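User: Hi! Could you walk me through the structure I've got open?
Analyst: Happy to, let's take a look together.

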Amino acid sequence: MALRIVATTPQPALVTLPWDKPLEEWDQRVCVTLPRGLSRHIVRFVRLGGEVYAVKETREPIAWREYALLRDLRRIKAPAVEPVGVVTGRETRDDEPLEPCLVTRHLTSSMPYREMFSRGVRPDTMPKLVDALVVLLTKLHLMGFYWGDCSLSNTLFRRSAGEFAAYLVDAETGELHHELSKGQRAHDLDIGTGNLFAEVLDLQAGGLVGDEIDPFELVESLNGRYDALWGELTGAEDFGTDEMWRIEKRIARLNDMGFEVDELDIVTDWDGATVRIQPKVVDAGHHSRRLQGLTGLDVEDNQARRLLNDLNAFTAYHGLQGADPAWVAHRWLTEVFEPVTALAPENRRGQLEAAEMFHEILEHRWYLSEQRGKEQDLMETARDYFATRGDPGTPLTELPEVTTLPDSHT
Ligand SMILES: Nc1ncnc2c1ncn2[C@@H]1O[C@H](COP(=O)(O)OP(=O)(O)OP(=O)(O)O)[C@@H](O)[C@H]1O
Ligand SMILES: [Mg+2]
């Protein structure tokens, strides 16, 4: 049988991989070592032409199904790993058949949850991961995607300004519908809570999480947060026609949460005294789209929100409120963001890393300013930050416990 590679974008180097060997036997000459979550199938990471890919050995119908679903998810811009291709017709040199492989692009700067816990994390990490999972599940449901196996293991996490952004990594059990019924959503959430419960117990059994986390409470918070977010994003609101400002307010609230209203259903009753509004279509990525439009930086939504806050502070400090926003943003980018992040070591040069680092430097400045009793200069703070804790792995455990921080410019 001939080796067949179906790929979204031609990556000629894919052909050069040792497809005639089981993935288990692919060695260090081919593979790169990166953190990987728990899975039934064998997964290996390879570097080809400057890009890293994940290769998963699986049965043929599953590979095709997952590939097609990931392509659908890509099309609707869902937060999921990007499919690259399916490799079938694999055989060993002795003509023994080998299982097909699904190839996806490695999600840059992402971490499986277990890896995070084995490195040591701050006590609030678990609730933050659950928050990120809730946001992911809600986004998928808004798009009509039934996951069927929502879990921490089937999710990858990226740091996002002290919080996390979650991405779907395993779409094997998913289904894309026009819209999900309440029952479908509830069932999906049920599976998610069951999986989360088991995963927390497993972390506790492995000594990676202490007894301070109550699995029952955590599962309850997953349910509660999902209901609250779903209600906020899709719920109808009734008010009198003298309260029309509530339309703007609802939209502003959604924007603040990182969502954008694409379509709003506004219905007035027959005598025109009351109005009912209901967001019909909401889109995620409000802040990241705005930041990208202004600066070209493509980062996570929370990171974008933080950077936009700093840009606002810069605008106010220099009295540039009346100036062209694109020009001000360019000044901020070249006078503040780029000089600060250029101090970073080689291994933190990507945009996501730069944005996270910038957020941490702002936190660090707040911390130093408090400690020293006066506002610290940003460049000096950055130098101190890199000298004292420039390693991306360490800040999670060593950052001071801070909550909301002001953004300011000196
Ligand atoms: N594109 C990717 N980027 C980064 N990591 C990836 C990628 N694809 C797979 N992985 C890693 O491999 C792990 C296993 O992948 P996946 O969940 O798809 O396997 P699986 O065997 O189908 O899982 P399950 O046991 O749930 O059926 C993930 O948890 C993740 O850590
Ligand atoms: Mg999985």
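User: Great. Which elements each supply at least two residues of the lining of the second largest pocket?
Analyst: This is a predicted model. In it, strands E2, E3, E5 and E8 (155-160) each give at least two residues to that lining, and so do helix H1 (60-75) and helix H4 (182-205).

User: Where does the largest share of that lining come from?
Analyst: From H4, with four residues.

User: How many residues line the second largest pocket, and which lie nearest its centre?
Analyst: The lining has 36 residues, and those nearest the centre are Leu38, Ser39, Ser153, Asn154 and Val169. By class, 15 are nonpolar, eleven polar and ten charged.

User: How much space lies in there?
Analyst: About 640 Å³ lies in the second largest pocket.

User: Nice. How many residues surround ligand 1, and which are the closest?
Analyst: There are 21 around ligand 1, with Gly37, Arg40, His41, Lys56 and Arg105 the closest. The shell splits into eight nonpolar, seven polar and six charged residues.

User: Which strands each supply at least two residues of that shell?
Analyst: Those are E2 (43-48), E3 (51-57) and E5 (101-105).

User: And which side chains have an N or O atom listed beside an oxygen atom of ligand 1?
Analyst: Lys56 has a side-chain N or O atom 2.7 Å from an oxygen atom of ligand 1. For Asp170, the side-chain N or O atom is 3.0 Å from a ligand 1 oxygen atom. The protein covers 95% of the 630 Å² of accessible area that ligand 1 has on its own.

User: What about a nitrogen atom of ligand 1?
Analyst: A ligand 1 nitrogen atom lies 2.9 Å from an N or O atom in the side chain of Thr104.

Conventions. Residues are numbered from 1 along each chain as its sequence is written. Chains are lettered from A and ligands numbered from 1 in the order in which they are written. This is a predicted model: local features need pLDDT of at least 70, side-chain atom pairs count only at pLDDT 80 or more; totals for chains, interfaces and linings use all residues. Side-chain values use heavy atoms; hydrogens and water are left out. A residue is near a molecule or strand if one of its heavy atoms lies within 4 Å of it. A polar contact is a pair of N or O atoms within 3.5 Å; within protein, one must be able to donate a hydrogen and the other to accept it, and residues adjacent in sequence count only if both atoms are side-chain atoms. Accessible areas come from the Shrake-Rupley method with a 1.4 Å probe; for residues, only the protein chains shown count as cover. Ala, Val, Leu, Ile, Met, Phe, Trp, Tyr, Cys and Pro count as nonpolar, Asp, Glu, Lys and Arg as charged, and the others, Gly among them, as polar. On a 1 Å grid over the protein atoms alone, a cavity is a set of points where a 1.4 Å probe fits but cannot get out, and a pocket is an open set with protein on both sides within 12 Å along at least five of seven lines; lining residues have an atom within 4 Å of a point. Grid points are joined across faces, edges and corners, and a volume is the space filled by probe spheres set on the points.
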